Amino acid sequence: MSESGPAISNLQADGAEYPPPPAFAAAARINSRGVVTDADADPVAWWEAQAGRLTWDTPWTRALDDDNAPFYRWFTGGTLNVAANCLDRHLPDRGNTVAFHWEGEPGDTLALTYRDLHDRVCRFANALAGLGVARGGRVAIYMGMVPELPIAMLACARLGAAFTVVFGGFSAEALRERMNDFGATVLVTQDEGWRGGKTVPLKANADDALDGAPGVTHSVVAQRTGGDVNWTPGRDLWFHELEAAASPDCPAEPMDAEQMLFVLYTSGSTGKPKGIVHTSGGYLTGAASTHANVFDLRDDDVYWCAADIGWITGHSYIVFGPLANGATSVMYEGAPGHPAQDRLWGIAERYGVTILYLAPTAIRLFMKWGDQEPAGHDLSRIRLLGSVGEPINPEAWEWYREHIGGDAAPIVDTWWQTETGSIMISPLPGLDTLKPGSAGKTLPGIHAEIVGEDGQPVAGGEGGYLLLTHPWPSMLRTLLGDDDRYVSTYWERFPGKYLAGDGCRQDADGDMWLLGRIDDVMNVSGHRLSTIEIESALVDHPAVAEAAVIGRADPVTGEAIAAFVTLRDGFEGDDRIIAELRDHVAMRIGAIAKPKSIVLTPDLPKTRSGKIMRRLLKDVSEQRNLGDVTTLANEEVVSAIADMADAMRGQED
Ligand code: WT7
């Protein structure tokens with residue numbers, strides 16, 4: 001809660017309410033409160049029943065092992081293979097069912113059935129095995145949204161090798177840091193990606209990253225655009241050649257329930273990304289259970305989560321949850337506005353999408369593009385909508401329901417995190433009355449509390465810290481290589497309870513209203529970025545003496561990155577240096593981290609103890625009254641910054 005205490009204010013007023021449509025409720029998977037109250041009374045029994053959705057090679061002997069809390073373990077003694085659960089077990093009944101309707105940005109398409117996917121995953125698993133990847137191995141994946149991405153993830157799972165997917169928008173440097181921290185021996189990448197009609201030089205970035213990653217012996221390259229790439233013989237191998245040469249016969253070996261499945265790096269409140277560790281049995285149980293229950297999945301649904309697999313949303317709700325449930329999904333490669341602003345609605349119509357899961361930032365973008373874009377398409381098959389990534393403002397919620405959901409589809413506003421692995425708080429669409437802006441209640445088997453600074457539950461309706469108070473199967477197990485940071489980040493402040501890092505309040509009906517992050521983490525377009533990470537990238541530039549970064553409210557992206565920078569003596573503060581600094585951040589972290597605005601200032605506002613007052617900078621850039629500045633050491637600096645903040649609002653991407 002940085003320098004100014006728990007200033008969690010509730011900005012959303014309670015308004016409209018939407019009970020579940022009777023026909024929807026009647027047919028829903030969960031439509032009785034009793035299911036939820038039973039689960040809450042005995043969460044471990046609930047999760048054991050949910051684990052029964054999966055096919056286990058050996059049953060577990062202990063569901064929840066809390067002997068070494070907070071290093072919890074789930075389903076110990078049990079063995080299963082994640083890839084076999086996502087593929088093999090569907091072959092007898094759903095082998096010819098489409099797992100992915102994939103659509104490339106240029107308009108090319110590929111329908112992959114469960115049998116196709118099984119065949120390709122087995123071949124690629126054998127190919128990886130040929131490169132020395134085995135149980136416990138480490139593979140990094142740096143790709144766009146191509147079919148080879150889930151194939152590579154599942155191939156690793158089949159072998160019991162852990163993977164880390166690095167979002168294709170990250171820079172070479174970010175990839176290098178993650179590969180080294182993870183200890184990858186093989187990288188899977190592609191020649192180039194398609195984004196907004198342009199190519200993204202994934203292999204060229206990967207080549208740069210590999211320069212400083214001596215542990216990686218092979219780079220497997222999927223051919224997507226056919227563009228020219230540099231080639232290092234011996235190290236670089238074509239994905240399609242390995243796949244074609246490999247045997248399709250690859251028996252799925254049983255893995256321990258606690259076998260590491262993947263690590264996904266996410267920003268924390270220090271500069272170093274946190275490697276969130278997820279394991280096999282518990283993670284898949286959480287992803288499969290919530291995917292079925294929250295999205296009320298039926299056999300004939302066509303489900304589309306339009307996230308990127310490079311984030312946890314894509315891991316849990318494009319790859320593992322849907323495939324474990326035998327679902328038919330849509331997967332789209334490119335930008336939402338290419339070649340035109342109705343691209344998504346064309347796709348939804350073409351495949352007859354029934355369930356759509358989007359981020360509020362995308363919804364606000366579509367609102368801005370206008371009602372006519374979805375209106376030009378038949379979206380009548382859509383029966384359920386989802387939202388994830390940040391609080392959704394009631395206006396966007398209502399637009400989503402009216403223009404995409406035909407004024408009828410329930411919306412599930414799902415709260416969760418990379419750390420939680422699966423959805424924790426969400427309405428159940430056949431049971432709960434929806435309130436625009438509220439994420440509803442904890443899911444069955446999930447227990448939460450909202451507490452004040454003293455750790456005591458706050459009085460009804462007040463804002464406080466959101467805690468999860470009972471372990472759940474898809475929880476992170478630790479931070480890779482840093483057990484101490486795992487404990488101090490999540491479990492120390494309120495002992496025995498998981499600190500989510502979000503503010504929240506609960507209304508009289510028990511519905512949750514998320515109030516944003518309480519630490520130095522911003523939420524830009526539904527992605528978590530740490531202010532300190534971007535500050536470090538700025539300070540790394542030779543012209544920069546000091547930098548402070550904040551997220552300022554933005555109508556489309558939720559928060560926009562605003563930077564305040566003091567230059568070293570001898571450097572000229574002009575537009576050129578501003579452009580250079582923005583590019584420098586893109587180079588160090590990736591284009592998503594580029595500050596939207598940079599204000600050059602002779603000094604930064606600091607407390608008497610020398611701490612930068614980010615809260616104050618936020619107020620200045622959002623044009624709020626400056627409130628209490630009595631702890632400020634260098635008061636004159638504020639008015640100087642306020643003057644310059646106007647100029648900042650003119651700068652755009
Ligand atoms: C943070 C987690 C989980 C998938 C995407 C982001 C915010 C996420 C909601 C929501 C309000 C939300 C929180 C959370 N968040 N969903 N429905 N309502 N806030 O994953 O990068 O791990 O970020 O996103 O602040 O802590 P992530």
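The structure is a predicted model, and its secondary structure comes to 21 helices and 29 strands. Taken along the principal axes, the box filled by the C-alpha atoms is roughly 75 × 60 × 55 Å. Of the 653 residues, 61% are buried, and among the contacts with a separation of 6 or more, 71% are accounted for by residues 24 or more positions apart.

Two packed helices are described by the angle between their axes and the distance between the axes. The axes of helix α8 and helix α9 come within 8 Å and cross at roughly 50 degrees. Because of that angle, α8 is oblique to α9, and the crossing in which α8 passes α9 is right-handed.

| Helix | Residue range | Residues in the contact |
|---|---|---|
| α8 | residues 172-182 | Ala172, Leu175, Arg176, Met179 |
| α9 | residues 202-211 | Asn205, Ala206, Asp208, Ala209, Leu210 |

By class, the residues of the contact of α8 with α9 divide into 6 nonpolar, 1 polar and 2 charged. Arg176 belongs to the α8 side of this contact, whereas Asp208 belongs to the α9 side.

Technical notes. Residues are numbered from 1 along each chain as its sequence is written. This is a predicted model: local features need pLDDT of at least 70, side-chain atom pairs count only at pLDDT 80 or more; totals for chains, interfaces and linings use all residues. Side-chain values use heavy atoms; hydrogens and water are left out. Axes are lines fitted to C-alpha atoms, for helices over the stretch in contact, and angles run from 0 to 180 degrees between N-to-C directions. Helices (H or I, at least four residues) and strands (E, at least two) are DSSP runs, numbered from the N terminus. Angles under 35 degrees count as roughly parallel, over 145 as roughly antiparallel, 65 to 115 as roughly perpendicular and the rest as oblique. A crossing is left-handed if the near helix is turned anticlockwise from the far one by less than a right angle, and right-handed if clockwise. Contact means heavy atoms within 4.5 Å. Ala, Val, Leu, Ile, Met, Phe, Trp, Tyr, Cys and Pro count as nonpolar, Asp, Glu, Lys and Arg as charged, and the others, Gly among them, as polar. Buried means under 20% relative accessible area, exposed over 50%, partly exposed in between (1.4 Å probe, protein chains only).
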